[in-house]
Amino acid sequence: MAEAETRLAPDEQAYFYQDDRDAKCPFAPPPGLRALNEKAPVTRVRIWDGSTPWLVTGHAAQRAILSDPRVSSDDKRPGFPYPNHVMAESAPHHPLTIFNADGADHTRIRRMMTRPFTRPRMEALRPSIQEFTDELIDRMLAGPKPADLVTAVSLPLPSLMICVLLGVPYADHDFFQEHAQWATRSDKTVEQQNAANAALGGYLANLLQKKMEEPAEDVLSDFAARIKDGDLTLPEAVMLSMILLIAGHETSSSMITLGTALLLDNPGQLANLREIDDTKAVANAVEEILRYLTVPQLGQRRIAAEDFEFEGAEIKAGDGIIAALPAGNWDPEAFPEPEKLDLTRKASHHVAFGWGIHQCLGQQLARIELQVVYGTLYRRVPTLRLAVDRDELDFRPADALAFGISELPVTW
Amino acid sequence: MKVVVDEEKCVAAGQCVNAAMDVFDQRDEDGIVVLLDENPPAELAEDVRNAAAICPALAIRIEE
Ligand code: SF4
């Protein structure tokens, strides 16, 4: 009986989240996760620390739960379903940020950060994004074969763009790329992460102080002006800058790398994409690839702020809730034949950027970067192919914050 | 078709602009939604419905 399933008692038998992807279909969400959604859109699962939060797998259910005001993002509430031990240990020390604030606090913080990321501003950046992309491809083509797409294009492009937006010198990129990676790894100790954060924080504080004296047209200057006006303290501004700097790196980069690997695996779809000469159709293709790959694979973590009934589940205040975004994006109710990559499918209702008030702030930047790269790379390098067997690619494990491939050896 | 936006709810995700550029814009200072056309013409109706459907903050309401 479906209802009994969803009320599953917290026991040892519950499905373990996160399990690994099927090595034969590395781009698909773990088979166990998809099977779970066939049973019910909400179920109890077991996670790494032995706790048994609710896992929301259905697309409609995810949208409902992620925009439900009875659900909180406050990671200091006891029972919060942390994705790993580093987050669990560091959460008590987290300041209030856009990630863990609810309601009015969230609105206040978010509004200070939204200005540079609006769709019209991103559209105005498109020519520079195109220029950088062309330059990176030129450089790759002039260099030795095979090349690693990650170091040639996937990482430098988003890194460069976020530096331009923030007003951070790109010359320092080795320094923050390293720190950005630390923040998304579960194999580091809390001490190691704290040291990395302190180094990055010191660097940004310095830069913010410089911008207070010599403002330019960038986000850090914007924050510097707010510090002067007394709207923001220096530590708060450092935190906001750090979030923007780190979040801008890994995710878009993963989408460029994985998207390329996925398209090389689907030559028919790739051929179609190469032919497309219309920005709207390319934009549509990007949405489908976002849906298919769903880079934030750990899911959105939440906690119930009160008791309520949801899709037949009796959720109690203090229960952990996880919206498993990859499962929602492969829910056949929302996306028929989800395993079929179809670049003409209408997929803009996917949840790859999350849903609700915490939906990704940088999504319009990511979209335009992807539209430009997918619309340029395969056309300019029509013979692009993997330099190794697909089986040899090093896919990140299911418990990494962002789904990705560390290296993509390509040749042409 | 009549479109109503709720500035309080808007989180400046820009999805509405993606879906229907002739009907929605974003304020430059903070990205909050700006409604360009309260009564969009019939040929834009589908785009506007889509905008309301993909607004993550449920800030767009349509009265038919
Ligand atoms: S889609 Fe919704 S949240 Fe985003 S800018 Fe438009 S109204 Fe605001």
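A residue is termed buried under 20% relative accessible area, exposed over 50% and partly exposed in between (1.4 Å probe, protein chains only). The model is predicted, and local features need pLDDT of at least 70, side-chain atom pairs count only at pLDDT 80 or more, and totals for chains, interfaces and linings use all residues. Residues are numbered from 1 along each chain as its sequence is written, chains are lettered from A and ligands numbered from 1 in the order in which they are written, and side-chain values use heavy atoms, with hydrogens and water left out.

A:Tyr82 is buried, at a relative accessible area of 14%, and A:Phe80 is buried at 8%. Over all chains there are six aromatic pairs (ring centres of Phe, Tyr or the six-membered ring of Trp within 6.5 Å; planes under 30 degrees apart stacked, over 60 edge-to-face, the rest tilted). The rings of A:Phe80 and A:Tyr82 have centres 5.3 Å apart and planes at 45°, so this pair is tilted. A:Phe27, A:Phe395 and A:Phe403 are linked by ring pairs into a cluster.

Between chain A and chain B, about 1,800 Å² is buried (accessible area, 1.4 Å probe, lost on being put together, summed over both), with 45% of it on carbon and sulfur atoms. In chain A, A:Arg111, A:Arg119 and A:Trp355 lose the most area to chain B, together 30% of what that side buries. One salt bridge (side-chain nitrogen of Lys or Arg within 4 Å of a carboxyl oxygen of Asp or Glu) crosses the interface. A:Arg121 forms a salt bridge with B:Asp28, with the closest N and O atoms 2.9 Å apart.

How values were computed: Buried area = accessible area lost by both parts, 1.4 Å probe.
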